[in-house]
Amino acid sequence: MKIAVDVMGTDYGPKELVLGAVNAVIEYGCETVLVGDEKIIRELLVKYGADKNPKITIHHASEVIAMDEHPAIAVKSKKDASIVVAAGLLRNKECDALVSSGSTGAAVASALFCVGRIRGVERPAIATPIPSLKGTTVVLDSGAKVDAKPDHMVQSAIMGTVYAEKILKISQPKVGLLNIGEEETKGNEQALATYPLLKDTRTINFIGNVEGRDINKGTVDVVVCDGFVGNVVLKFGEGLAKAIMTLIKEAIMNGGILAKLGGLLIKPALKGLKKRLDPAEYGGALLLGIRAPFIICHGSSKAKAITNAIHVAMDFAEQDVVSIIKDKIAESKEMRN
């Protein structure tokens, strides 16, 4: 198993990605190809004592796509950008999967232009796992494309079902359409047009409309929405989790001696809660609908998140999710015809 890691264009620079890749090699025994500025990467490998590790190689890329650049234009004009070069390695099957925490737009554009879509998939979608009271709920699309047609959302439901079955190990995952109410007549034009299509799709276990609170309650396993709504839900959830942990800490520190003593007693439990809510524990989000495993991480990802993302990439490749999605999309089209 060989994983390409685009180490450039992130909030913390290459140091966290290189360290995360080094840790993944040690922990999971995979091979990694670090794509980016060779001089910087080599210096970091020396710093981490991994410069002579035979499972770590460097593929030089002289350019970087910044977060504020137009994704499609940058991907087409910067042929030697790290994400473009990494996507080329994936396309040519020199690597089994790709992990990137640079510009999401550039990652999606590189995936489309360099790797290509699975036959029959009209629009790729980012599938993001979110912790719930019963385990994990996957939300998609969470940012690959801000708008979506009803047919695109049906395909997201199919791909999300495969993700839940193969990666999250959920049998017959329940699929819901994110809406402002549970009734079939609720929602905007997009939701009203999508509902009957999902209801008629036999390859998924559609349970109807779900509301935002259902994501964390665990009443649904796969939540379908467009990329604009999905990204807002994702960022709100992450911000809320951090705010809750901060408020708990402040309440303990400002609550006097008894509160502090109580805080010491529940400290192990709070650490467990923090770990469960930490996005780094889930690694990255899967870009589904592309012809090879492609993982997108936060731009602020640190080493721990990158290590976990590489593990997710390995699982994605080993479970052959791409082929299963291809078969399910083809099966769904045949049934509709």
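User: Is F228 buried or exposed?
Analyst: In this predicted model, F228 is exposed, because its relative accessible area comes to 54%. The residue belongs to helix α9, which covers residues 227–253.

User: And which nonpolar surface patch is F228 part of?
Analyst: F228 forms a nonpolar patch on the surface with V146, V229 and V232, and together the four residues V146, F228, V229 and V232 have about 360 Å² of accessible area.

User: Switching to cysteines, how many disulfides does the structure hold?
Analyst: The count is zero disulfides. For C30, which is in no disulfide, the nearest cysteine sulfur belongs to C95 and is 11 Å away, whereas a disulfide would need the pair of sulfur atoms to be within 2.5 Å. C225 is likewise in no disulfide, and the nearest cysteine sulfur to it, that of C297, is 20 Å away.

User: Why does C30 count as buried, and why does C225?
Analyst: C30 counts as buried because its relative accessible area is 2%, and C225 counts as buried because its relative accessibility is 4%; the cut-off for buried is under 20%.

User: Now helix α2, which of its residues are buried?
Analyst: In α2, which takes in residues 38–47, the buried residues are I41, L44 and L45. They lie on the same side of α2, because the arc they cover around the axis is only 100°. K39 and K47, by contrast, are exposed on the other side of α2.

User: What covers the buried residues of α2?
Analyst: The cover includes helix α1 (14–28) together with the strands β2 (31–36) and β3 (56–60).

User: Where does S101 lie, and what is it in contact with?
Analyst: S101 lies in the loop that runs between β4 (97–100) and α5 (104–115), and S101 is buried, with a relative accessible area of 0%. Once neighbours within four places in sequence are left aside, the contacts of S101 include D6, T10, L17 and M67, and also C297, H298, G299, S301 and I306.

User: Last one, A127: which strand is it in, and is it buried or exposed?
Analyst: A127 sits in strand β5, residues 125–132, and is buried, because its relative accessible area is 0%. Leaving aside neighbours within four places in sequence, A127 is in contact with V138, V139, L140, Y163, A285, L286 and L288.

User: How far apart are A127 and G230 in space?
Analyst: From C-alpha to C-alpha, A127 and G230 are 9.5 Å apart, although 103 residues apart in sequence.

Methods. Residues are numbered from 1 along each chain as its sequence is written. This is a predicted model: local features need pLDDT of at least 70, side-chain atom pairs count only at pLDDT 80 or more; totals for chains, interfaces and linings use all residues. Side-chain values use heavy atoms; hydrogens and water are left out. Patches are made of residues with over 30% relative accessible area and no salt bridge: like charges are joined within 9 Å, nonpolar side chains (Val, Leu, Ile, Met, Phe, Trp, Tyr) within 5 Å. Accessible areas come from the Shrake-Rupley method with a 1.4 Å probe; for residues, only the protein chains shown count as cover. A salt bridge is a side-chain nitrogen of Lys or Arg within 4 Å of a carboxyl oxygen of Asp or Glu. Helices (H or I, at least four residues) and strands (E, at least two) are DSSP runs, numbered from the N terminus. Buried means under 20% relative accessible area, exposed over 50%, partly exposed in between (1.4 Å probe, protein chains only). The arc is that of the directions from the helix axis to the C-beta atoms. Contact means heavy atoms within 4.5 Å.
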